[in-house]
Amino acid sequence: MLMPREKTPNLTLPLLGGGQFDLASDDGDLGTVVCFYRGLHCPLCATYLKELDKLAPKFGEKGVKTIAVSSDGEERTQAMADKIEASNLRFAYDLPLAEARDWGLYISTSRGKTSIGIEEPALFSEPGLFMVNKDRSLYYMSVQTMPFVRPHFSELLGALDFAISNNYPARGEYQGAV
């Protein structure tokens, strides 16, 4: 299980448009919001990522970079970026499912075509949202077993304001006996 204030797993993946994303060297002053999404087949993911794309500049103003990550290949990832008309959000692709598990993400099996007529991959990860500090320590995380009821990016932005102004630490770090 990932623990707040401890290092997250490494994350190095190809980026749409070329280059490589490496969480260890991402240069946000405060850190990076990593949004793991299910893939092109998920209509809820498209709506969710469209909102993150819209708010990515506001995260940037706070010193936080943003990235969307899935196990989809380059072609499906490009199709998702095109679908949401992404202009601010970076996309990484080819997330190995073993690495998705390292992040605590749940893995699902295909049920065939979705409501929008796109075939689900044989296996794919369910959503997760992470705020990772510049030193790669975990500040916040939310993982889900299905695509519904996700954290709101606007609330995360507000929480960052509070955390910054109050030097608020990551919580949930206690590992002792209870």
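Modeller: Two strands pair if DSSP finds at least two bridges between them. Strands here are DSSP runs of E with at least two residues, helices are runs of H or I with at least four residues, and both are numbered from the N terminus.

Biologist: Before we use that, what kind of model is this?

Modeller: This is a predicted model, in which local features need pLDDT of at least 70 and side-chain atom pairs count only at pLDDT 80 or more, while totals for chains, interfaces and linings use all residues. Residues are numbered from 1 along each chain as its sequence is written, and side-chain values use heavy atoms, with hydrogens and water left out.

Biologist: What makes β8 and β9 a pair?

Modeller: They share 5 bridges, in the antiparallel sense, and the rule asks for at least two, so they pair. In one of these bridges V132 has L138 of β9 as its partner, and in another M131 has Y140. The two strands form a hairpin with 4 residues between them, and R136 in the turn has a positive phi of about 75°.

Biologist: Which strand does β3 join through 6 bridges?

Modeller: β3 (residues 31-36) is joined to β8, and the two run antiparallel. G31, for example, stands opposite N133 in β8.

Biologist: What is the strand order in the open sheet?

Modeller: The 5 strands go β5-β4-β3-β8-β9, with mixed pairing. What makes β5 (90-92) and β9 the edge strands is that each pairs on one side only. The twist averages 20° from one strand to the next, with axes fitted as lines to C-alpha atoms (for helices over the stretch in contact) and angles between N-to-C directions running from 0 to 180 degrees.

Biologist: How many of the 6 residues in β8 are buried?

Modeller: 5 of them, so β8 (residues 128-133) is mostly covered. Buried means under 20% relative accessible area, exposed means over 50%, and partly exposed lies in between, using a 1.4 Å probe and protein chains only. F130 has 0%, so it is buried.

Biologist: Why is the pair of F36 and F130 called edge-to-face?

Modeller: Rings of Phe, Tyr and Trp (its six-membered ring) pair if their centres lie within 6.5 Å; planes under 30 degrees apart count as stacked, over 60 as edge-to-face and the rest as tilted. By this rule there are 6 aromatic pairs. F36 and F130 are 5.5 Å apart centre to centre, with 85° between the planes, which makes this pair edge-to-face. F36 lies in β3 and F130 in β8, so the pair ties together parts that are 94 residues apart in sequence. F36 is also buried, at 1%, and ring pairs link F36, W103 and F130 into a cluster.

Biologist: Where is V149 found, and is it buried or exposed?

Modeller: V149 is in the loop between β9 (138-143) and α4 (153-166), and at 80% relative accessibility it counts as exposed. Most residues other than glycine have a negative phi. V149, though, has a positive phi near 55°. N167, in the segment after α4, has a positive phi of about 50° although it is not a glycine. N167 has a relative accessible area of 68%, so it is exposed too.
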